[in-house]
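This briefing goes through one structure topic by topic.

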Amino acid sequence: MFRLLTDPTDEFVRITIDGVDVSARKGEPVAAVLLRTAPFTARTTTVTGAPRAPYCLMGACFDCMAIVDGVASQRTCMIAVCDGMRVVRQQGKRTQTP
Amino acid sequence: MTTCDVLIVGAGPAGMATAMRLRKAQIDVIVVDDARAPGGQVWRAAEQSADGMASVLGADYRAGREAIARFRASGARYLAETEVWRLDDGWRAFTKHRGTIDRIDAKSVVLATGALERPVPFPGWTLPGVMTVGGAQTLLKGARQIPQDGVWIAGAGPLVLLYIAQLRAFGGRIAGWLNTAPRSNLWTALRHWPAMFRNAPDLAKGMAWRSQLALSNVPIIDVRDVAAEGDGQLETIRYTTTRGKTHRVDASLLLVHEGVVPNIHATVALGCAHRWSSQQQCFVPQLDAFRMTSRDDLYVVGDGGGILGARAAGLTGELAALGILARMDRSSAKDRERESAVLRARLERETAFRGFLDTLFLPRRAVLMPDDETIVCRCEEVTARSIRQAAHVRGSGPNQIKAFTRAGMGPCQGRQCGLVISQIAGSESGKDMDSVGYLNIRPPLKPITVGEIARAAKLESP
């Protein structure tokens, strides 16, 4: 859906999204990586299970919530990518052990 | 725990200007901000961006780098990636930085938390593939990423024109702009024309964006209605032109924007008095001449007190700083009057354009009063119909509607639906917006885990 404007000084790291290895620019918001990685979504809703993608990118809409390094309901637009980060798209309601 | 004279929440143009003016008088200032670097939304990542990137983004963005450098050198203590999730009287602010909870005590608090894009409920706006123009611009500035294919834009406002110009400069492609601002607005807006010329640079900037766009091959289509359709993601945009013809186009990405509104989350939670601005169609906190709210020693600077733009935001920050200095007996009444007179004159010039813009880009009625099928509360997936039905229960205001329908109870806590709920409640009851009011907001103001709340307990007393 989106593409990077790369710069020679960029530093790339590896993260996983739902267990799949993905390349990401160090320090970019996790939501930006989700918008480059099919199916371009972050979670499904708690009420109807509808898919949602990052929407506002400034921490206000909460549609980009996902499980980051084991912590659920993290706004991925507010979290910077670091090496080895594990991102899991959040499915429906939270469970006790995400 | 830390103490300071003045705590400033937000390091955008307004927060930084407040801090710098206070530092001139050697006041002990802490600035907290949820981003990784100062600049706010308008100057997001300006400090880190390469020269080439900053130049393409424009002179206003480049100017941000200077402001940030001066702020960094001002001696204000700056805490990045730090959110205030609770603010108690006195003032005691509970903060969160990554997993760490802390408390900052301050004599005065300045909220410089800016604006949010106006919620734009329309059919299909929750589909993946629909995003805000502001969100896409944040991705450009903060993550250097642009839409893969030709992108559709629906809406109106200065940000739409700016983003189109910026995206084209980076080699992005606009499939089309569905302009939702009725042409007739222009005639009403032109009654503000004498004032516009008092801010000639902004007038020239806007006209340059518009004329570049006119010379480009970007299709501009005047529409009265837009809908997003698709199974689990955006596939088709359906729009109805102002002439009444309905069209469908294939699309994978639609960016929407209908202006920005003050972020009143914290001021509502703190019980500040607000009033309805019919010119800007939003609630604004009531402020005195030096930006103090109805609560003593609590200030709002920048767009959080009404939308005036980035340059005006800095001036309002300086005004608040003067107010704080006077209340701390750090300046004479005479000095304050002299300096504030200069600031007010500049502020008047900077905002001369505002009446024109507010009228030209007045959000269309469908966005303020969505039709029955449209989801209003994205989090709890509550439609306008459910909200209207709840509003019909005798005397229901926003908080009764919330209790009946769960609208506003989800993770975003009404940030995306609060304004629309109030507007529907107002329209159904026939009451004026000041008596309708807004959702009650309670802490935590930002998401926080139970473990983090537990860790805050030992910071409670005294």
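**Sheets, chain contact and helix packing**

Ala156(B) has Glu258(B) as its bridge partner in S15(B). The model is predicted. The bridge belongs to the pairing of strand S10 (residues 151-156) of chain B with S15(B), a parallel pair joined by five bridges.

**The sheet of chain B**

- In chain B, seven strands make up an open sheet with mixed pairing, in the order S8-S15-S10-S11-S12-S13-S14.
- The edges are taken by strand S8 (130-132) and strand S14 (246-250) of chain B; each has a single partner strand, so one side of each has no neighbour in the sheet.
- From one strand to the next, the twist of this sheet averages 35°.
- S8(B) runs parallel to strand S15 (residues 254-258) of chain B, and three bridges join them.
- Within that pair, Val256(B) in S15(B) is the residue opposite Thr132(B).
- S15(B) is mostly covered, with five of its five residues buried.
- The burial of S15(B) applies to both faces: one side carries Leu254(B), Val256(B) and Glu258(B), the other Leu255(B) and His257(B), and all are buried.
- Glu258(B), one of these buried residues, is also the bridge partner of Ala156(B).

**The sheet of chain A**

- Chain A has an open sheet of five strands, ordered S3-S2-S8-S6-S7, and its pairing is mixed.
- Strand S3 (20-25) and strand S7 (71-75) of chain A are the edge strands; because each has a single partner strand, one side of each is left without a neighbour in the sheet.
- The twist averages 40° between one strand and the next.
- Two bridges link strand S2 (residues 12-17) and strand S8 (residues 86-89) of chain A, and the sense of this pair is parallel.
- Ile17(A) has its bridge partner in S8(A), namely Val87(A).

**Contact between chains A and B**

- On the chain A side, 32 residues are in contact with 35 residues of chain B.
- Strand S1 (2-4) and strand S5 (51-52) of chain A each contribute at least two residues to the side of chain A that touches chain B.
- S1(A) gives the most to that side, with three residues.
- Sorted by class, the side of chain A that touches chain B holds 22 nonpolar, five polar and five charged residues.
- Opposite Leu4(A) stands Gln145(B), in S9(B).

**Cys61(A)**

- The loop between S5 and strand S6 (65-68) of chain A contains Cys61(A).
- Cys61(A) counts as buried because it has 27 C-beta neighbours inside 10 Å, where the cut-off for a buried residue is 20 or more.
- Leaving aside residues up to four places away in sequence, Cys61(A) touches Tyr55(A) and Cys56(A) in chain A, and Arg378(B), Cys412(B), Arg415(B) and Gln416(B) in chain B.
- Cys61(A) and Arg75(A) lie 14 residues apart along the chain, and their C-alpha atoms are separated by 9.0 Å.

**Helix packing in chain B**

- Two packed helices are described by the angle between their axes and by the distance between the axes.
- For helix H10 (residues 310-327) and helix H11 (residues 333-350) of chain B, the axes come within 9 Å and cross at roughly 160°.
- H10(B) and H11(B) are therefore roughly antiparallel to each other, as angles over 145 degrees are counted that way.
- The crossing in which H10(B) passes H11(B) is left-handed.
- In this contact, H10(B) residues including Leu315(B), Leu319(B) and Leu322(B) meet H11(B) residues including Leu343(B), Arg346(B) and Leu347(B).
- By class, the residues of the contact of H10(B) with H11(B) are seven nonpolar, one polar and six charged.
- The axes of helix H1 (residues 13-24) and helix H3 (residues 59-72) of chain B come within 10 Å, crossing at roughly 40°.
- That angle makes H1(B) oblique to H3(B).
- H1(B) and H3(B) also have a left-handed crossing.
- Pro13(B), Met16(B), Ala19(B) and Met20(B) of H1(B) meet Ala67(B), Arg70(B) and Phe71(B) of H3(B).
- The contact of H1(B) with H3(B) has six nonpolar residues, no polar ones and one charged.

Key
Residues numbered from 1 in each chain as written. Chains lettered and ligands numbered in written order. Predicted model: local features only at pLDDT ≥ 70, side-chain atom pairs only at ≥ 80, totals over all residues. Contact = placed C-beta atoms within 7 Å. Helix = DSSP H or I, 4+ residues; strand = E, 2+ residues; numbered from the N terminus. Nonpolar A, V, L, I, M, F, W, Y, C, P; charged D, E, K, R; others polar. Pairing = 2+ DSSP bridges. Axes fitted to C-alpha atoms, helices over the stretch in contact; angles between N-to-C directions. Buried ≥ 20, exposed ≤ 12 C-beta atoms within 10 Å, placed from the backbone. Parallel < 35°, antiparallel > 145°, perpendicular 65-115°, else oblique. Left-handed = near helix turned anticlockwise from the far one by under 90°.
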